[in-house]
Amino acid sequence: MKKYIKLILANLSIAIAAVILYSPGLVNLRLSDYSIFRAGMSIIAALLLILSFFLVNIRLLKEPDRKPVTLDDVHDLDKAKDILRSHCEGKYFGSLARTASEQLDRIFQCRQRLSGILAQKFTQGTMSFDKFDSVAAAAETAAIKNVVAMANRMRLFDEKEYARLQHYREDDIPDDIQEEQLRLYQKNFDNVRATIAHNEKLLLKLDALAMEISSSSSGDDTNLNNELIGEIERLTDETKYYQ
């Protein structure tokens with residue numbers, strides 16, 4: 001609705017501008033004007049009005065790009081967030097959805113915290129800064145991809161269907177079929193829980209790295225930092241098993 005209101009207002013503005021420019025008694029531009037300057041201005045003004053009309057209408061009527069939530073592109077997380085929000089009040093899966101949604105916020109906060117500490121301890125572009133920053137960036141991306149994977153798994157969580165399956169022995173559908181359905185739900189449920197746990201490990205190690213860099217006088221305690229970096233890289237690499 002807002003798009004069409006903007007469209008009407010924009011076209012109305014162009015029309016008003018045209019009336020002001022070409023109406024007698026106002027600017028009164030016309031091609032047949034004795035003044036070469038005013039005649040030229042009438043042509044330029046007409047071209048600008050036509051160009052404005054097409055640009056405004058094309059821009060406002062163009063459908064926005066809807067990026068699908070994929071594991072290769074984690075920049076647009078709106079759909080993943082919407083999926084998680086839609087399950088937050090659910091009886092069976094609400095807790096998982098809320099945890100995953102909160103975890104996404106904590107991932108961004110953890111990354112910002114670590115970036116601030118790196119900026120204080122090292123000069124941007126140095127080997128030490130790049131080493132820690134690249135590890136943190138890879139871990140952040142992996143954790144976000146995990147959340148996207150959880151959101152996509154949430155698509156398969158049907159609260160009503162799962163509630164019905166809790167009493168599957170009381171209906172006429174063969175029990176063996178419904179037991180298989182329950183196993184599929186449980187597998188999906190367990191996968192989401194495992195992904196949440198994996199992200200928590202990543203966040204824990206990133207926080208530990210931030211603390212060690214912050215408390216170190218130089219920010220570069222090689223042995224300890226290398227050990228933490230190794231653990232973070234291992235956890236980052238293991239995210240492929242959850243996606």
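The model is a predicted one, in which local features need pLDDT of at least 70 and side-chain atom pairs count only at pLDDT 80 or more, while totals for chains, interfaces and linings use all residues. Residues are numbered from 1 along each chain as its sequence is written, and side-chain values use heavy atoms, with hydrogens and water left out.

The chain holds eight helices and zero strands, where helices (H or I, at least four residues) and strands (E, at least two) are DSSP runs numbered from the N terminus. Along the sequence this gives the pattern α-α-α-α-α-α-α-α. Of its 243 residues, 33% count as buried. Among the contacts (heavy atoms within 4.5 Å) with a separation of 6 or more, 69% come from residues 24 or more positions apart.

Glu-238 also takes part in a salt bridge, with Arg-234, at 3.1 Å from N to O; the term stands for a side-chain nitrogen of Lys or Arg within 4 Å of a carboxyl oxygen of Asp or Glu. Both residues lie in helix α8 (residues 222-238), four residues apart, about one turn of the helix. Arg-234 is partly exposed too, at 43% relative accessibility. By the distance rule, the model has 11 salt bridges.

Arg-183 is partly exposed at 48% relative accessibility, and Glu-180 is partly exposed at 39%.

Helix α7 also reaches another helix through a charged pair. Asp-207 and Arg-113 form a salt bridge, with 2.8 Å between the closest N and O atoms. Asp-207 sits in α7 (residues 175-215) and Arg-113 in α4 (residues 94-121), so this pair ties together parts that are 94 residues apart in sequence. Asp-207 counts as partly exposed, with 27% relative accessibility, and Arg-113 is likewise partly exposed, with a relative accessible area of 43%. Elsewhere, salt bridges link Arg-111, Asp-133 and Glu-140 in a network.

Attention now turns to helix α3. In α3 (residues 78-87), the residues Ala-80, Ile-83, Leu-84 and His-87 are buried. Down the axis of α3, these buried residues fall within an arc of 95°, so they line one face of the helix; the arc is taken over the directions from the helix axis to the C-beta atoms. Exposed Arg-85 and Ser-86 are carried on the face of α3 turned away from its buried side.

The cover over the buried residues of α3 includes α4 and α5 (127-154). The axes of α3 and α4 are 7 Å apart, and the two helices pack at an angle of about 145°; axes are lines fitted to C-alpha atoms, for helices over the stretch in contact, and angles run from 0 to 180 degrees between N-to-C directions. The crossing of α3 past α4 is left-handed, that is, the near helix is turned anticlockwise from the far one by less than a right angle. On the α3 side, Lys-81, Leu-84 and His-87 meet Gly-94, Ala-97, Ala-100, Ser-101 and Leu-104 of α4. These contact residues comprise four nonpolar, three polar and one charged, where Ala, Val, Leu, Ile, Met, Phe, Trp, Tyr, Cys and Pro count as nonpolar, Asp, Glu, Lys and Arg as charged, and the others, Gly among them, as polar.

Technical notes: Buried means under 20% relative accessible area, exposed over 50%, partly exposed in between (1.4 Å probe, protein chains only).
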